[in-house]
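The exercises that follow each set a task and then work through a solution step by step. Please keep the sequence and the model open while reading.

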Amino acid sequence: MKILVCIKQVPQKDAPLRLNPEGTWIRDDVSWETNEPDAYALEEALRQKEKHGGEVAVITAGPARSQQVLREALAKGADRAIHLEDDRFAQMDAANTARALAAAIEGENFDLIVTGLQSDDFGAAQTGVLLAEILGIPHATIIIGIEKTDTGLKLKRELEAGHYQHIEMTMPAVLTIQSGINKLRYATLIGIKQAKMKPMRKVAWAEVEGKLSKSVQKIEKLYVPGSQKKTRKIEAPAGEAAKQVVEYLKETARVL
Amino acid sequence: MMGSFGSPDLCMADLILVVAEQRDATPANQLAGGPGGKLNRVSFETVAAAQAIAKETGWAVEVVLPGSGIAGLAQELAAKAVGKVYALEADALAAYTSDAYVHALKTFIGEKQPKLVLFPHTYQVRDFAPRLALALDRTLISDATGYKFEGGALKFTRQMFQGKFAADVSFGGDAPWMATVQIGAFRGDQAFSSDGSVPVESVTAMVADGPARVTPHEVFQEAKQTVDLSQAEVIVAVGRGIKEQKNMVLAENLAAALGGEVAASRPICDNGWLPLERQIGSSGQTVAPKLYIALGVSGAIQHIVGMKGARTIVAINKDPEAPIFEIADVAVVGDLFQVVPALTEEIKKAKGS
């Protein structure tokens, strides 16, 4: 199988985030990591390749710093990488990101494209689905199990509240992968060494610009949301904090 | 073919179209004599959102329910104060596939030309709505928690960066504008009821011919549930902040002192530290206990939607900016490894007295 994994670099989970002066995006001086569901998508692609043969390519759209997530993917076992490199990809909406990805892989004809079900930054959960629409191929979302059959794929979809569904679909296809579908591997030392020799194709903004559309949704303002409740804040040494919580539970909430 | 959106001023109706959702409207269920499936109750939350927007904009509200054999379910929607309910029917809509839903709704929306299309942010909607929006050459704002109507422009508020920030997002292009509404953001039981005169119209859906690309099978649950967290009065929930499996005992001891149940956010269950049936959030259980104590839970949207109905929420987290604090009644900023043992002791003392 020829598999493409779409991955994104996002701020580290516990990184303190600050807004830019315009209040339209975060400041760039934070630590970054691979979007967690995308890491699971990569792991699933590597496992499918190990079972059925073929190749795994990884792609991202982002500034120079985002090359790091491609390097890590190559170190874990991906065969080659594609980097749409430009600062303007960082805040791009899902539709244009999907258009850029589609333009960068024109003529590649992947059997399977996988990506995380959503990103930890935008959280729109749209890019994978939109990529399928642009490529004119079927898709399935929130996938928690993949089995290749003679005719295509047998998949396990996660639904709400502990429900699941099996579906069968034809290939080529795009799947969005749920976290927890597998156990992530670590890169080995030899993998990290080999990664330096693997091909990394750079795609410039100008090469895909013609395929992009005017962005039709715009973040007017980004801000720290106000508390939705009258929150009692406790910042005290552990013993004192515990006493105050118990007092609240007894006197105010009356649950003790 | 769908109508042209080329001249919005001429043909665009001042209409909000709510796309409602049903489940299990299968031929077998209809033969059994029941209503043939059931509405996803979050459809009423989206009706409430549409009614709230309509109040400010003066636009009309109509509802469309896709499926097969769903006349009875459409009648249930007609109990709400809306202009009209459409039962959009075709055999191909009996079992959900994104292809059939996109095709049927693309044609229907193309004919109705609403200003705004609202969906509940369900797993099913996540599966087809982005594709539908692009097929209509429009955009979809997903998982909106609220809206703003200022100076004639409609903006939706949504969470970003795992709930650390909120964003006001506007539409740059022409209507129909499309958005999905976060589960729990509006109260379904507060949707205005009708006086009983809402017409229900059955519409035959246009669906693609040609071989199906996706074959859906029955929906199922894994193992039988051994615990029903929705009935628990006290829940102690664990998040990534617990760090290691051996630390789970801190939560177990606290839960035992309170006579409550232990639960967790998704990553903890993914690690196998607790069974999946104890996962709280959109893919797990939705709970509303009297007391919910969150230990090292950051408060990502997917977790919050499963527990924000709790009466009293106590959150313990070392990060003063953790989004969980936005919905907490008591926010303890501190090291859970020190606070939780102390709290367990204090609770034992309080209960003993």
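**Exercise 1: Charges over rings**

K2(A) lies over the face of F110(A), at 5.1 Å from the ring centre. The model is a predicted one, in which local features need pLDDT of at least 70 and side-chain atom pairs count only at pLDDT 80 or more, while totals for chains, interfaces and linings use all residues. Residues are numbered from 1 along each chain as its sequence is written, chains are lettered from A and ligands numbered from 1 in the order in which they are written, and side-chain values use heavy atoms, with hydrogens and water left out.

Solution. Begin with the criterion, by which NZ of Lys or CZ of Arg must be within 6 Å of the ring centre and within 35 degrees of the ring normal. Then turn to the salt bridges, each defined as a side-chain nitrogen of Lys or Arg within 4 Å of a carboxyl oxygen of Asp or Glu.

**Exercise 2: Aromatic pairs**

Task. State how many aromatic pairs a search of the whole structure finds, and classify the pair of W25(A) and F122(A) by the angle of its planes.

Solution. Rings of Phe, Tyr and Trp (its six-membered ring) pair if their centres lie within 6.5 Å, and planes under 30 degrees apart count as stacked, over 60 as edge-to-face and the rest as tilted. For W25(A) and F122(A), the centres are 5.3 Å apart and the planes stand at 40°, so the pair is tilted. W25(A) belongs to the loop between β2 (9-11) and β3 (32-34) of chain A, and F122(A) to the loop between β6 (112-116) and α4 (127-135) of chain A, so the pair ties together parts that are 97 residues apart in sequence. For accessibility, buried means under 20% relative accessible area, exposed over 50%, and partly exposed in between (1.4 Å probe, protein chains only). W25(A) is buried at 7% relative accessibility, and F122(A) is buried at 12%.

In chain B, Y147(B) and F186(B) form a stacked pair, 6.5 Å from centre to centre with 15° between the planes. Because Y147(B) lies in strand β7 (residues 140-150) of chain B and F186(B) in the loop between β10 (177-181) and β11 (200-204) of chain B, the pair ties together parts that are 39 residues apart in sequence. Both Y147(B) and F186(B) are buried.

**Exercise 3: The interface**

Task. Describe the contact between chain B and chain A by its residues and by its buried area, and then examine the salt bridge of R266(B) and E158(A).

Solution. Count residues by contact, meaning heavy atoms within 4.5 Å: chain B contributes 79 residues and chain A contributes 85 residues. Next take the buried area, which is the accessible area (1.4 Å probe) that two parts lose on being put together, summed over both. The two chains bury about 7500 Å² between them, with 54% of it on carbon and sulfur atoms. On the side of chain B, R131(B), F161(B) and F165(B) lose the most area to chain A, together 10% of what that side buries.

Finally, consider charges: the interface of chain B and chain A holds 7 salt bridges, among them that of R240(B) and E36(A) (2.8 Å, N to O). R266(B) and E158(A) also meet in a salt bridge, at 3.0 Å from N to O, and this pair crosses from helix α8 (residues 266-270) of chain B to strand β8 (residues 153-158) of chain A. R266(B) counts as buried at 15% relative accessibility, and E158(A) is buried with a relative accessible area of 3%.

**Exercise 4: Backbone geometry**

Task. Identify the bond geometry from M171(A) to P172(A), and say where R254(A) lies.

Solution. The peptide bond from M171(A) to P172(A) is cis, with omega near 0°, and P172(A) is in the loop between β9 (163-169) and β10 (173-177) of chain A. R254(A) is not a glycine, yet has a positive phi of about 55°; R254(A) lies in the segment after α7 (238-252) of chain A and is exposed, with a relative accessible area of 64%.

Notes
Helix = DSSP H or I, 4+ residues; strand = E, 2+ residues; numbered from the N terminus.
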